[in-house]
Amino acid sequence: PAPSPRSYTALRDEAVKLFNSLQQLELEQDPVPLMQGILQTCLDLPPLVDEIYCQLVKQTTEPPAPGGQGDLHYWQLLTCMSCTFLPSLPVLRFLRFHLDRTESRFPASEMAKYACFIREALGKTRGRECVPSLEEILVLMRRQEMICTVHCPGAPACSVAISSHTTAEESPSVAFVSPQVAQELVSRLGLSQSPNLFALYEQSRRREQPVGSTTLLADVLTRFE
């Protein structure tokens, strides 16, 4: 990934800044930019990932107003973290215990729904090249998928729902966003019986290149942002 334009001080000082940002997050009316900033710091300074996970578990344990705006902002950031970074094994065990406890104490609540989403995400997350885009953070806050537009030669554009974990998966006959997308695009192009290989490309003003089979499409969208 491209180096971050940010400059950082000592790790301890950055940890303090992140703690202050978490305190600010509780009161933010528009928390998305602040969330992205916290995620970027964690990407640039990996030793702080466990620290933020532990802080978020602490903030979402016995909150003053369970399910209130401030509490949900912490759960939303925890959701974004779970789709971007894996914590160390001891912290992962601690986090999973916290998720189980939340679902048990607050069944059918928004917190329980986030806990369920986070548990599923942790089973799929393998690390990111980029932090989630602003759009991705917004959809993660609602536990939804993003809509990605795929342009096909000689055919209309195709809108596809993708998650933070969707890759440009490759099979012997096609490399597209997902099996469902492959079927739809090949059908539109009238190539159902074709033995050819097909690839997904990303194109900008500066470059055009094929998307690797293991590349996360969410990272591609973040680069465009």
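## Helix 3 and helix 5

At what angle do helix 3 and helix 5 pack, and how far apart are their axes? In this predicted model, the angle between helix 3 and helix 5 (residues 89–105) is about 20°, and their axes are 10 Å apart. Angles under 35 degrees count as roughly parallel, so helix 3 is roughly parallel to helix 5. Their crossing is left-handed.

Which residues make this contact? Helix 3 brings Asp50, Tyr53, Cys54 and Val57, while helix 5 brings Val91, Phe94, Leu95 and His98. Sorted by class, the contact of helix 3 with helix 5 has six nonpolar residues, one polar and one charged.

## Helix 1 and helix 3

Let's turn to another partner of helix 3. Helix 1 (residues 11–25) packs with helix 3 (residues 48–59) at an angle of about 30°, and the axes of the two are 11 Å apart. That angle makes helix 1 roughly parallel to helix 3. The crossing of helix 1 and helix 3 is right-handed.

On the helix 1 side, the contact is made by Leu11, Glu14, Ala15, Leu18, Phe19, Leu22 and Gln23. On the helix 3 side, you can look for Leu48, Ile52, Gln55, Leu56 and Gln59. The residues of this contact divide into eight nonpolar, three polar and one charged.

## Helix 2 and helix 3

How do the axes of helix 2 and helix 3 cross? Helix 2 (residues 32–44) and helix 3 have axes that come within 8 Å and cross at roughly 140°. Angles over 145 degrees would count as roughly antiparallel, so helix 2 and helix 3 are instead oblique to each other.

Here Ile38, Thr41 and Cys42 of helix 2 meet Leu48, Val49 and Ile52 of helix 3. By class, this contact has five nonpolar residues, one polar and no charged.

## Aromatic rings

How many aromatic pairs does the structure hold? The number is zero.

Notes
Residues are numbered from 1 along each chain as its sequence is written. This is a predicted model: local features need pLDDT of at least 70, side-chain atom pairs count only at pLDDT 80 or more; totals for chains, interfaces and linings use all residues. Side-chain values use heavy atoms; hydrogens and water are left out. Axes are lines fitted to C-alpha atoms, for helices over the stretch in contact, and angles run from 0 to 180 degrees between N-to-C directions. Helices (H or I, at least four residues) and strands (E, at least two) are DSSP runs, numbered from the N terminus. Angles under 35 degrees count as roughly parallel, over 145 as roughly antiparallel, 65 to 115 as roughly perpendicular and the rest as oblique. A crossing is left-handed if the near helix is turned anticlockwise from the far one by less than a right angle, and right-handed if clockwise. Contact means heavy atoms within 4.5 Å. Ala, Val, Leu, Ile, Met, Phe, Trp, Tyr, Cys and Pro count as nonpolar, Asp, Glu, Lys and Arg as charged, and the others, Gly among them, as polar. Rings of Phe, Tyr and Trp (its six-membered ring) pair if their centres lie within 6.5 Å; planes under 30 degrees apart count as stacked, over 60 as edge-to-face and the rest as tilted.
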